[in-house]
Amino acid sequence: MGTLITALSGASALSAFGATTAHAATPGTIPDVDQLNSACAILRGGIVRQATEPVVIVFTGSSTTAGHNTVPAKRWINRMAANMTPNPVKTLTEATAAAPLPPGIHIVNAGAGGTTAGNYLDGMQAQIASLNPRMVVHTIGANDFQAQRDPVLVQAQIKASVDLLKAKIAGPCVHLLVHSFERYDFTPTTYKWSDYRDGMKNLARATPSYIAFTDASGPFYAIGIPSTDPFGLMQGDCVHLNDQGHDFLSGLVRPVFNMIPPYVAPAPSKVTQESPAVEPAPLIITTTDTFSGPNTTTLTGRPTDALRGGASIAWQSYFGDAFKINNGRLERNQPAGSFAGFPAPPLRQVALRVHSVSGTIFLVASRNAIYGPTDQVRALLQGTYFRIETMTAGTIAAVSPDLRYAPGDEIILRYDGERIETRVNGVLVHATTAAVPLGAYAGIAVSDNAFSVDDFALSELQV
């Protein structure tokens, strides 16, 4: 099993965190890394403060990190994240857009397929540094190996990237170098895969205060990679792991993160809240829209179909051409931000079934104007997670942790001028209070990214 270089010479992996080592270094020589590499204690230092501040772990590298042609939930990073935190894995763009992140552990995938040690962080350094991570994971070298680039140069480029981030990141941060499996889509002529491993190992040995190393290649050799791949862990290109291969890799790297207590998901009915749950109030449906035909490239003025109850009401929007109706789904038509909605009853519930979001979409329970800066209560949806936000006088505040949803789930948001309740498929998942004046409108707001939703409903709560 791949272990930290702190365990390579047979000493306990705990030596990396200050446990007694097996022997003392000989004066005048470079000590073994198993004795000096205490860098991962930096991550542990962050973990113990996760209740009050964000602990960000950023994964960088090429296609093994990015997850080439694999299901996101089955990638090695996502599998490990599921054991560490309820927060979904974010892309670097999603994470920086969501900053400042709330307290807790946050996993960020900044992988870029096809990159080498010379360019895998191009254009990302400032974004990564802005998240003030406690660990950056570097899984790089496979494309350098295929190009037979000099391992000494690769080692120097990795070191330069690490040191650049070290200079930019405000707080303490450990850099974990991961040497993964050997690709076998070509025959190496000059350099072996182990030469690149040795370069990473040398960096950790020379700079144990902030660089750590783990080698996952040995277990892959043991199960026939590169060779016959008897367990079928590789894609047909002999370069990329399939879903099962990502599962295997996650098991090899996971011990590095054993300092993080396993995350145990709450029962589905458990509420994460600041105020007690109450029984749902009865509803009177104001209007509904399943976006049944005909297809159209504008939403402004289109009457709702009311197929799930309520009256047919015309949509109001300041840029209705941002939306289109396509085969029973509401989708993006033009790359522009917009809001579409209706005058809302004093005590209201909005609901929306979400199929996919590439970017950001908002389910808005309260907004005091169709156009312009407004006070709002809304659910921000990105990828496979969402959170509840308020906006007052232009200041946005997250009032919930990141909450998960799956494609096809119905997100429900209620607001009565004080209490905000959030449900997924009818199950209460969060409740809190907020002091945002109740606005006149409710509806949907979008950015300039693609989305696909249906089954919008606006209802009045009866108390």
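Axes here are lines fitted to C-alpha atoms, for helices over the stretch in contact, and angles run from 0 to 180 degrees between N-to-C directions. Helices (H or I, at least four residues) and strands (E, at least two) are DSSP runs, numbered from the N terminus. The model is predicted, with local features needing pLDDT of at least 70 and side-chain atom pairs 80 or more, while totals for chains, interfaces and linings use all residues. Residues are numbered from 1 along each chain as its sequence is written, and side-chain values use heavy atoms, without hydrogens and water.

I begin with the helices. Helix H8 (residues 151-168) and helix H9 (residues 193-206) have axes that come within 9 Å and cross at roughly 40°. H8 is therefore oblique to H9, where angles under 35 degrees count as roughly parallel, over 145 as roughly antiparallel, 65 to 115 as roughly perpendicular and the rest as oblique.

Which residues of H8 and H9 meet? Pro151, Val154, Gln155, Ile158 and Lys159 in H8 meet Asp195, Tyr196, Gly199, Met200, Asn202 and Leu203 in H9, contact being heavy atoms within 4.5 Å.

I turn now to strand S23 (residues 451-461). Strands pair if DSSP finds at least two bridges between them. Strand S13 (residues 348-357) runs antiparallel to S23, joined by eight bridges, and Arg348 has Glu460 as its bridge partner.
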